[in-house]
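Dear colleague,

I am handing over the structure below, together with some notes on what was found in it. Please have it open beside you as you read.

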Amino acid sequence: MEIKREAIPQDMDFRSRQLMSRDMLRGTLEDEDLERFAEQAVMTTTLDRAVAWAQGNSIYPMTFGLACCAIEMMSIVAARVDIARFGFEAFRASPRQADLLILSGRVSTKMAPVIRRIYDQMLEPKFAISMGACCSSTGVFNNYALVPSDKFMPIDVHVPGCPPRPEALAHGILKLRDKIQHNEREGWRERYDAVGTEEVVLPITAHGDGPQAAVGQSGPLIGRSTGASAGA
Amino acid sequence: MPDAAGLEVIADELRAADPSSVLGTTFDRGRAEIQIDPSKNIEVIELLRTRGFNFLASLHGVDYYPAEPRLGVVYELLDMKEVDRVSLKARVTIDAPKITSVTSIWPGADFPERECYDMFGVVFEGHPDLRRILMPEDFEGFPQRRDFPIGGEPILFTFNETERYGKDR
């Protein structure tokens, strides 16, 4: 049987990836091409996708309520709109263990620094949903006391409503899942031009400095990052 | 509630103690109200407290802009035995908004007086810790006064995006 070899184009479109994987399964992919295939197809693409799949299906929201929207937020874990069906049911009481901050209610100028600190304490990858009219645009309380959430922290999904129904919030969370799993380009780092600001833990150096947190100095070692996967 | 005659009885008792302490009485829609001299508020409240109105249900501020004296402090007193309520209103001027604190009588007046100071700028003399309570510490002005600008921010929606920033944005 004659084996037909095709040159692998530099820019990999879907068809050529298909051909490559066919060759790989046949066992006819060799040397450099095999290396390249493993590097591109298996290591980065598939691993990133698997991590994104896992992250998107296990979003732990933070136990954090601000106002009346929090009442609606509570009922998304109740029987009717049960987000445990998607794996989001575990509300964490500590920002260190949470992935998602749902701003449920109006944010006053006095509360804004507190929320910002809580958001900063969350570990990457972290997401935020602005729930309701007050939080997104200060709503009916457009006065001296409130500040819209976009002014002090990045928001991934805005859920409109006053207050939004639990179904609307569940829809917003599913949108966030879509964004995490398929459409990372819609993330806030791209929107705010903040790629490379991920917090990373540097490895322990020979000088014994110990691990330390740094922002945007090297590629992230833990977790998924937009900057590293684009360059890899 | 005392009725209109009962209100006059209370007011007469206050006038008997100090004729200048009561500025007037109003009985409107079942609510008894006594306007008092702000400099005599402690004496009046002490007398009413011994008379049975020993519970301060609420303490709040009012701005009567543009009337003078502009600012008002309202004490809502409650007699729990007779189930009687009476409102005391003291008006202070905007230039010297000072009134004696009632924390010596009711320690629970601490937070309501701080809130009244926070929102209206009424200074309660003798208050143990007169700071802002709701607004941030570095906030300037007293937001519930009628001449305070309402503030707020222009919000960018999709419908006004182009008129604010132009189409190229």
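In this predicted model, 11 residues of chain A are in contact with 15 residues of chain B. Between them the two chains bury about 990 Å², and 57% of that area is on carbon and sulfur atoms. On the side of chain A, the residues that lose the most area to chain B are Lys110(A), Asn142(A) and Tyr144(A), which together account for 60% of what that side buries. The residues of chain A that touch chain B comprise 4 nonpolar, 5 polar and 2 charged ones. As for specific pairings across this interface, the rule finds 0 salt bridges, while 3 residue pairs are in polar contact, with both partners at pLDDT 80 or more.

Before going further into the details, a word on confidence. The predictor gives the complex an ipTM of 0.76 and a pTM of 0.71. Chain B has an average pLDDT of 89, with 94% of its residues scoring at least 70, whereas the mean for chain A is 79, with 76% of its residues at 70 or more. Please read one stretch of chain A with particular care: over residues 216-232 the pLDDT is below 50, although in the model this stretch has 31 contacts beyond near neighbours in sequence.

Which kinds of side-chain pairing were found? Over all chains the count of aromatic pairs comes to 5. One of them is formed by Tyr144(A) and Phe148(B), whose rings are edge-to-face, with 5.6 Å from centre to centre and 80° between the planes. This pair crosses between the chains: Tyr144(A) is in the loop between helix H5 (133-137) and strand E3 (157-159) of chain A, and Phe148(B) is in the loop between strand E7 (123-125) and helix H4 (161-165) of chain B.

In chain A, Cys162(A) and Pro163(A) are joined by a cis peptide bond with an omega of about -10°, and Pro163(A) is placed in the loop between E3 and helix H6 (166-181). In chain B, a cis peptide bond joins Tyr65(B) to Pro66(B), with omega at about 0°; Pro66(B) is found in the loop between strand E3 (55-63) and strand E4 (71-79) of that chain. Arg29(B), a residue other than glycine, has a positive phi, near 50°, and lies in the loop between strand E1 (22-28) and strand E2 (31-36) of chain B.

With kind regards

Notes. Residues numbered from 1 in each chain as written. Chains lettered and ligands numbered in written order. Heavy atoms only, no water. Contact = heavy atoms within 4.5 Å. Buried area = accessible area lost by both parts, 1.4 Å probe. Salt bridge = Lys/Arg side-chain N within 4 Å of Asp/Glu carboxyl O. Polar contact = N/O pair within 3.5 Å; in protein donor to acceptor, adjacent residues only side chain to side chain. Nonpolar A, V, L, I, M, F, W, Y, C, P; charged D, E, K, R; others polar. pLDDT = per-residue confidence, 0-100. Phe/Tyr/Trp six-rings, centres within 6.5 Å; stacked < 30°, edge-to-face > 60°. Helix = DSSP H or I, 4+ residues; strand = E, 2+ residues; numbered from the N terminus.
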